[in-house]
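Please look through the model shown here together with the notes that follow, which take up one topic at a time.

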Amino acid sequence: MGQPVSMDWHAALAAVPEGGLALFSPARGPLPSRRIARAMMDEAAVLGGGQVLTLPGGDLLLGAQAAPGQRAGRMIAEITGRMPESWTLPLGRESAAARCRDAMAEAATPSLAELEARCAAMAVPDLACLTLFAEGAGQSAVAQRLGPTPLGLSDPGLEALAREWLCGRLLAALADPSQRGALPPLRPGLRLILDLPLGGLPSGAPLRGAAQDDPNRPLALLPLSSRADPARFAALEAGLRAAGWAVGLLTAEARALDWVEVRGLAWAAPISAEPPRHRPDLLVALGRDVPGWCRAPGVLHEGIAP
C-alpha cells in the first residue's frame, strides 16, 4: 500500500541473512487497520535493516534482524485481531516463499484512485441490480431491492467505499429521466427497498415515500456505519420518516443483529444458519440459500427469479 508491487520477491527473500525474519500481513480487513499495520512494518524495516514489499495479496516485511519484526507482528495482532504469519530465516525460507507465491496469485487490491475511477466509469445499466423478495412461507414477490452492484472486493473498507460512490450515482440516475430508463425496471405493486449512502437522500430528490401508517411504504437502507454519529443518524432517520420512508440498517455481518439492538429499524443482513437473538420487526435476509427460520412472518427472503 503506497508503494508499487514488487515482482522480484525471490531475490529479496534470498538476500535476508541468517537470523532474519520474513513477516506477511495479508490484504484483509478494514483499510485503516491495514494502513496502520503497514506503517508498523515500515518502521520495523528501518529498525531491523530490511524492506517491505507490496504483493497483490498483502505486505511482506523482510528484516535482517528479527526482533523489530516480531514486535511489529504483536502490535499488528492487537489492532487486527490476527497474528501475521512469520518465519525465521533461513529455516523458514521455503514456507515464506510458498506464501509469497500464493500472495502473487491473489487479485490485486485497487488503490482508492483506481476504485473511484472504476466506479465513475461504470455504465448506468451496470450500476445497480434488482433483487426480489418473498415473505414468510410465500413464494410470490412482495418487495424489490434496488441497490448498487457489489464489486466483490476482498477488502471490506474498499467495498464500503465503492457502495458509497455507486449509491450516489444510482440516486443521480434515478433523478435524471435520461438515465432512469437504463436502470433495472422496478416492478409495479412491489414494495421498494432502496440502498442509500451515508448521507441519505440528496436534497430535492424526486423520490416520494408514503403515509406513516402504510405498511408497504418504501424502505431506505443505510449502512450500519451511519450510526457512528448518533445525533447525525437521528436527524437523518427523522428526515426520512417525515418524507414517508421506513428506515433500515444494512450490514455485511450476520452477527451484527446480536451485537447491536435498535428499536423501530428494519435490518438487511446476510443469512446465517441460526436466527438472530434480536429479531427486528422486519428483517431482509440476504442470500439465496434460505434456511427454515427465514420462512417466518416479518422476514423477507431472496430465492425468487427476477
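Ala15 is found in the loop that runs between helix H1 (9-14) and S1. The model is a predicted one, and in it Ala15 has a relative accessibility of 60%, so this residue counts as exposed, a label that requires a value over 50%. Ala15 is 35 residues away from Gly50 in sequence, while the C-alpha atoms of Ala15 and Gly50 are 10.0 Å apart in space.

## The chain as a whole

The chain contains 10 helices and 12 strands, and its C-alpha trace spans about 70 × 45 × 40 Å along the principal axes. Of its 306 residues, 47% count as buried. When contacts between residues at least 6 apart in sequence are considered, 63% of them join residues that are at least 24 apart.

## The largest pocket

The volume of the largest pocket is about 970 Å³, and its lining is made up of 33 residues, with Glu159, Arg163, Leu250, Thr251 and Ala252 lying nearest the centre. Two or more lining residues come from each of strand S5 (128-135), strand S6 (143-148), helix H7 (156-175) and helix H10 (256-259). Among the contributors to this lining, H7 gives the largest share, with eight residues. Sorted by class, the lining of the largest pocket holds 19 nonpolar, six polar and eight charged residues.

## The second largest pocket

The second largest pocket holds about 480 Å³ of space. Its lining consists of 26 residues, and those nearest the centre of this pocket are Leu265, Ala266, Pro280, Asp281 and Leu282. Strand S9 (246-250) and strand S10 (266-270) each give at least two residues to the lining of the second largest pocket, which divides by class into 15 nonpolar, three polar and eight charged residues.

## Enclosed space

Rolling a probe the size of a water molecule over the atoms shows where empty space is left. In this structure there are three cavities of 30 Å³ or more, and the largest cavity contains about 50 Å³ of space.

Which residues line the largest cavity? The lining is formed by Ser25, Pro26, Arg28, Arg34, Ala37, Ile76, Thr80, Arg82 and Pro84. Strand S1 (21-26), helix H2 (31-48) and helix H3 (66-80) are the elements that give two or more residues to this lining, and by class the lining of the largest cavity has four nonpolar, two polar and three charged residues.

## A cis peptide bond

Most residues other than glycine have a negative phi, and most peptide bonds are trans. The peptide bond that joins Leu89 and Pro90, however, is cis, with an omega of about 10 degrees. Pro90 has its place in the loop between strand S4 (85-88) and helix H4 (93-105).

## Aromatic rings

A pair of aromatic rings is described by the distance of the centres and the angle of the planes. How many aromatic pairs does a search of the whole structure find? The search finds zero aromatic pairs. An aromatic ring does take part in an arrangement with a charged side chain, as Arg227 lies over the face of Phe233, at 5.4 Å from the ring centre.

Note on methods. Residues numbered from 1 in each chain as written. Predicted model: local features only at pLDDT ≥ 70, side-chain atom pairs only at ≥ 80, totals over all residues. Heavy atoms only, no water. Phe/Tyr/Trp six-rings, centres within 6.5 Å; stacked < 30°, edge-to-face > 60°. Lys NZ or Arg CZ within 6 Å of the ring centre and 35° of its normal. 1 Å grid on protein atoms, 1.4 Å probe; cavity = no way out; pocket = protein on both sides within 12 Å on 5 of 7 lines; lining within 4 Å. Points joined across faces, edges and corners; volume = space filled by probe spheres on them. Helix = DSSP H or I, 4+ residues; strand = E, 2+ residues; numbered from the N terminus. Nonpolar A, V, L, I, M, F, W, Y, C, P; charged D, E, K, R; others polar. Buried < 20%, exposed > 50% of the residue type's maximum accessible area, 1.4 Å probe, protein only. Contact = heavy atoms within 4.5 Å.
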